[in-house]
Amino acid sequence: MPHIKLFIPGPTEVRPEILDAQAAWMLGHRMPECTELISRIRPKLRQVFQTEQRVLISASTGSGLMEAAIRNCVGKKVLNCVNGAFSQRWHEIVVGNAKANEVLEVEWGQPILPEQVAERLASGEFDAVCLTHNETSTGVTNPIPELAQAIRQSPNGDQIMILVDAVSSLAGADIRFDEWDLDVLLTSTQKAFALPPGLAFAAVSDRAMEKAKTIPDRGWYFDFLTLEKYLVKDQTPSTTVVSLMFALDKQLDDILAEGLENRFARHLAMRDRTIAWGKGHGIEIFAAAGYESPTVTCFSNNLNIDISGMNKFLRERGMIMSNGYGSKLKNVTFRIAHMGDLQMSDMEELFAAMDEYLAA
Ligand SMILES: *Cc1c(COP(=O)(O)O)cnc(C)c1O
């Protein structure tokens, strides 16, 4: 298959040496070699999540751990903060697990603000809040530290589970699990981690582990207590995705060698360049000013560009970007991901091709 460079918000480009790292001989998941592999991975994952608490590893995508967060951490009622398609998915998962809930929805493209959340929590009936760090469908980054602070200051705030989806931003944006006092922070391998899909990770607070003990029907596959019981022995309850774990081990080394600060700065520089490219063409940014995502830019299609025509043109040149997400945003927006291991030179290659298309 020819290589098509992915400027879509997941799966993202995976470097050849990371793909190659998967091609090692298979291990049994109870063999000491596998335990060693997991023991190497655990502290590195904690560094990327900026936590000294645990980071659970699951053979699923991020959506699986979204479901896990709901099953393990909600006893009473959830506040779902919705400003796009992925925060809407959080709500669908809550409904699908029959948990009582309320929805705080703001206009898509706008951020969720701390005072809006504080107002809803004033009743004191909630024990969990679902937040989306980076709304991939709109290119909005929600102000998680300020939101977490507002939640902690609300009635029973010190007991509220703060559940954060950072699928499209973790390892590309500065997210501080311990410092921001979050309870679950989850992500997938196929976005800013720049790995193939198939694994998901969640930092889980001590508070959330205690909460899980009080919830009777947590299921089995995504039970935080079972996952942790094995994790502390450098194992997983069911068979792990061995090949992908080899790639993860190497990619974590590479991420830490680049340096988290450098990695975050690279993403911000690519974001700024992407916005400047759009503005240079008179294309408007869909996200509210000041909340533009460091990993994916969502443009309004105010020039009425034929998005699928543009992507066809790009494909012929070995590249692809993304149409708007879902029926609501398709064709009226389009998205360029600047995520994972993409470099500024990759972005320039894309912009040169898009310039050529727009000039034709
Ligand atoms: C991609 C994405 C998801 C879904 O992740 P999967 O790993 O495909 O389950 C959830 N939330 C956000 C913000 C995403 O960008």
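Modeller: Gladly, and keep in mind that this is a predicted model. In soluble globular proteins, nonpolar side chains tend to be buried together. Here the largest nonpolar core holds 85 residues, and Leu-163, Val-184, Leu-185 and Phe-193 are the ones that touch the most other members.

Colleague: Which helix gives the most to this core?

Modeller: That is helix α9, residues 242-258, with eight residues. The core also draws at least three residues from each of domain 1 (5-12 + 258-359) and domain 2 (26-256).

Colleague: What does Leu-185 touch?

Modeller: Leaving aside residues up to four places away in sequence, Leu-185 touches Phe-49, Val-164, Ala-166, Leu-170, Ile-175, Phe-177, Phe-201, Ala-202 and Ala-203.

Colleague: Now to the sheets. In what order do β11, β13 and β14 lie?

Modeller: The three strands form an open sheet in the order β11-β14-β13, with antiparallel pairing. β11 (296-300) and β13 (322-323) are the edge strands: each has a single partner strand, so one side of each is left without a neighbour in the sheet.

Colleague: How many bridges join β11 to β14?

Modeller: Five bridges join these antiparallel strands, with β14 covering residues 333-337.

Colleague: Let us turn to the domains. How far apart are the C-alpha centres of domain 1 and domain 2?

Modeller: The two centres lie 26 Å apart. Across the boundary, 27 residues of domain 1 are in contact with 36 residues of domain 2.

Colleague: Finally, the whole chain. How does one judge its overall form?

Modeller: One way is to set the radius of gyration against that of a compact globule. With 360 residues such a globule would have a value near 21 Å, and the chain agrees with this because its own is 20 Å. The C-alpha trace spans about 60 × 55 × 35 Å along its principal axes, and 59% of the 360 residues count as buried.

Colleague: What share of the contacts with a separation of 6 or more comes from residues 24 or more positions apart?

Modeller: Such residues account for 72% of them. As for secondary structure, the chain comes to 13 helices and 14 strands.

Terms used: Residues numbered from 1 in each chain as written. Predicted model: local features only at pLDDT ≥ 70, side-chain atom pairs only at ≥ 80, totals over all residues. Heavy atoms only, no water. Pairing = 2+ DSSP bridges. Helix = DSSP H or I, 4+ residues; strand = E, 2+ residues; numbered from the N terminus. Core = buried A, V, L, I, M, F, W, Y, C linked by side-chain atoms within 4.5 Å. Buried < 20%, exposed > 50% of the residue type's maximum accessible area, 1.4 Å probe, protein only. Domains from an automatic or database assignment. Contact = heavy atoms within 4.5 Å. Rg over C-alpha atoms; globule rule 2.2 N^0.38 Å.
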